[in-house]
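I opened my notebook to write down what I looked up in this structure. Here it is, before my entries.

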Amino acid sequence: YGVLHARRVYVRHDPVVIEKSSSLPGLRIALIADLHLGYNSTKSHVRTIVDDINREHVDLVCIAGDLFDNDYDAIRDPDGVADILSGLKSRYGTYACWGNHDVNEKILAGFTFPQKEKIVRDERFSEFLARADITMLEDETVLIDDTFYLTGRRDKEMAHKEQLPRKTFSEINEPLDHSRPIIVMDHEPRELSEAADSGGDLDLSGHTHDGQMFPGNLTVRLFWENACGCLRVGSMHSIVTSGVGLFGPNMRVATRAEICPITIRFAE
């Protein structure tokens, strides 16, 4: 912990049991979020993240939003960073959902300010993801290996800024075969009861940074049902990571950057 460890990446293991049968003996997911690629990021930090994930030998990599920090031009050597991220190794590939910072906005000292006009997304964000071999899911669901669903939900704040519609959990999950495991990436850990009631089994989020700096790590728990860690909501598991990057001040105090390998077991 502490300011001096702001760039150290910790590994937090989360075991999960999904009460559904599956032809898979289990599933290993690496969850990360909040890279905030920009002024506060470095290629060496991204390489550390990739190396740490690859050592976990996971089946799937999920990036739960805020890959960027509002300004594409702030990324030093974006092609080089994308090439490093393309080195992520897993059985099923790397998937992501957008976060509230994945839009073009004016920033000052790392913070954004409200704008009345519609925000248009920088096309280079999507071009970067294609080069990095990251599949973006935007209110979209894929059936992976004919065994489990993965959904990437459109971020609430981003949808508002871009004046785009956003599906509810019910609209997303109702058409799915509920005998199969349903995993959702949603940048902000909102509407957890709705996610559980609509049939979700695992909800993956970031956004909170666990407060990033003391005493934020204490007060953030007043605003989120699950501010960081693993929480059971009905039959669903909500897992929120503190993120691997930084926003605003280039430091962490009493919180830590982390990747979260999740080991899933299914009902016999």
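I started at the end of helix α3, which is followed by Asp 133, a residue with a positive phi, near 60°. Helices (H or I, at least four residues) and strands (E, at least two) are DSSP runs numbered from the N terminus.

This is a predicted model, where local features need pLDDT of at least 70, side-chain atom pairs count only at pLDDT 80 or more, and totals for chains, interfaces and linings use all residues. Residues are numbered from 1 along each chain as its sequence is written, and side-chain values use heavy atoms, with hydrogens and water left out.

I checked the confidence, pLDDT, which the predictor gives each residue from 0 to 100. The protein chain has a mean of 90, with 92% of its residues at 70 or more.

Next I asked which residues of α3 (residues 123–131) are buried. I found Phe 125, Phe 128 and Leu 129; buried means under 20% relative accessible area, exposed over 50%, partly exposed in between (1.4 Å probe, protein chains only). They cover an arc of only 95° around the axis, so they sit on the same side of α3; the arc is taken from the directions from the helix axis to the C-beta atoms. The face turned away from that buried side carries the exposed Glu 123, Glu 127 and Ala 130.
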